[in-house]
Amino acid sequence: GAIQALQRAVEADSAFALAHYRLTTAAWWAERHSLADAALERALRHGAGLAEHDRLLIQAAHAFRRGSHAEGERLYRQIVAAYPDDVEAWYELGEVVLHTGAFRGQSLSDAREPFERAVALDPQHMAALTHLTNVAAAEGKKAELDSLTRRVLAIGGQEQWELRAQAAFALADTAEQARVLAEIRRRGDGGIAPFYVAWSAGDFDGARRMIRLYVDRPTRSPGERAASHILLARLELASGRWRAAQAELDATSALDSQTALEVRALLAASPFLDRPRVELARLRDALLSWQPRAVPRDPSARPEENPHGSVHAHLRLYLLGLLNARLGEDAPALRYASEVEALGGPTAARLFGRDLAQAIRAEVARGRGDAEGALAALDQAPFWTHEELDERYSIFFAHGHELLLRADLLFQLGRLEEALRWYAAVGGHNPLIYRAPSHLRRAEIYERLGQPQRAAEHYARFIELWQECDPELRPLVENAERRLAVLARER
């Protein structure tokens, strides 16, 4: 309804900049991204004569929505400094930090203040309250999570069942968990609830239980089923179970062979797995023989379906570069970096290719022992994202591999405080599979820094996440258990 009213407004006055801006927001919430983009460009074009506050809001939204996240954050901070009672600017600042802060070394907790300021000004701001439940769940602040969840449900009604699911698993409320699972059986779909349970509540097993209730229901489309199996694969690897992840990717392959191959290659290249060369070479050969085809997005499909439809060619070249770098084949890796950088296409795909090229070059430099050069390569990749390449629906768009690489490079160079910040960003980010390694490395750093309590907390979390890992990863868990025992004796 808002979209229709705002469209009538701009039909009556095509230079009505604020109406174009509000149309952008309404269309974005309705996931009508083409309409949102066009309206935002018109708002920017016609907004020159607006008052400073309104002009800055449009400029900040344009920077954020079009991928210049650091600039978007800077502009929103400029607005709230000048207009500290601006609810919208505080909320949008929180959005920038929540969804893109990891690319600048920010953790989920860094989004707390903006959302709290928005809620202080508007106590019934549902979106800000919802995100504060995510932050409280991730930080393990159970009393706060319980209070916030009750507050949101009182405002929005019991249909906010994704938040009920998040709280049920974060608070270990078995009765409420049973009610949530019953609701999922009735609906035949979990929506965003499994994501919340895994990402913010940190309960991978709970998320798996939810997804398995509906993953292969015949009423679901092949794209929906493939997306669920991929999320299951990520959850299995996040628990240190590569074999189980492979089984989920096998199931994905029967539904979407292109995406299954892409995700399998990226997961196999995870540095903590240390897969055999023959396996990496086999995946490289599969990519070489694959001819990717663009798959137009169905506007009626859910956003997690076919997330790579426009960038399969980019991902093929990126993965070939990544695997060759891991195999020590630097010349072909660098050639693929140049090729993916040269690919054309829409702005989102073109800038995505630019970032992937720098990621390949960073991997080559790391393999050569040039940590400084690898960091310099990553510095040239701002990891531009856009609604078309939504980080919530693809492990590639979230760039978790590159975030972990940056943290590892800083650790290798002895820049421990910086490394801690980036490992925290990785740990709160949504790819999930890098969460346990980030806890292990933070434990080691805190131990070096003489902070045994913090070290013990991260060792314990790592052990919890990988308690049922594959045998070949078990030595990492056993060593963490020994270090945790030593720290306990020393206390």
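The model is predicted, so local features need pLDDT of at least 70 and side-chain atom pairs count only at pLDDT 80 or more, while totals for chains, interfaces and linings use all residues. Residues are numbered from 1 along each chain as its sequence is written, and side-chain values use heavy atoms, with hydrogens and water left out.

A nonpolar core here is a set of buried Ala, Val, Leu, Ile, Met, Phe, Trp, Tyr and Cys residues joined through side-chain atoms within 4.5 Å; buried stands for under 20% relative accessible area, exposed for over 50% and partly exposed for anything in between (1.4 Å probe, protein chains only). The largest such core holds 152 residues, and the members that touch the most others are Tyr76, Met210, Tyr318, Phe396 and Trp466. Helix α20 (residues 347–367) is its top contributor, with nine residues; helices are DSSP runs (H or I, at least four residues) and strands likewise (E, at least two), numbered from the N terminus. A second, separate core has 11 residues, among them Ile3, Val10, Leu23 and Leu35.

Next come the rings. Across the whole structure, 10 aromatic pairs turn up. Rings of Phe, Tyr and Trp (its six-membered ring) pair if their centres lie within 6.5 Å, and planes under 30 degrees apart count as stacked, over 60 as edge-to-face and the rest as tilted. Tyr196 and Trp199 have ring centres 6.4 Å apart and planes at 35°, so they make a tilted pair. Both sit in helix α12 (residues 193–199), three residues apart, or about one turn of the helix, and both are buried. Phe272 and Trp466 also form a tilted pair, with centres 5.7 Å apart and planes at 55°. This one links distant parts of the chain, 194 residues apart: Phe272 is in the loop between α16 (257–268) and α17 (277–289), and Trp466 in the loop between α25 and α26 (474–490). Phe272 is buried at 13% relative accessible area, and Trp466 is buried too, at 1%. Ring pairs join Phe272, Tyr434, Phe462 and Trp466 into a cluster.

On a 1 Å grid over the protein atoms alone, a cavity is a set of points where a 1.4 Å probe fits but cannot get out, a pocket is an open set with protein on both sides within 12 Å along at least five of seven lines, and lining residues have an atom within 4 Å of a point. Grid points are joined across faces, edges and corners, and a volume is the space filled by probe spheres set on the points.

Three cavities of 30 Å³ or more come out of this. The second largest cavity, at about 40 Å³, is lined by Tyr21, Thr24, Thr25, Ala61, Arg65, Tyr76 and Glu92. Helix α2 supplies the largest share of that lining, three residues.

The second largest pocket holds about 750 Å³. Its lining runs to 29 residues, with Ala138, Glu139, Gly140, His439 and Arg461 closest to the centre. Helix α25 gives the most, five residues.
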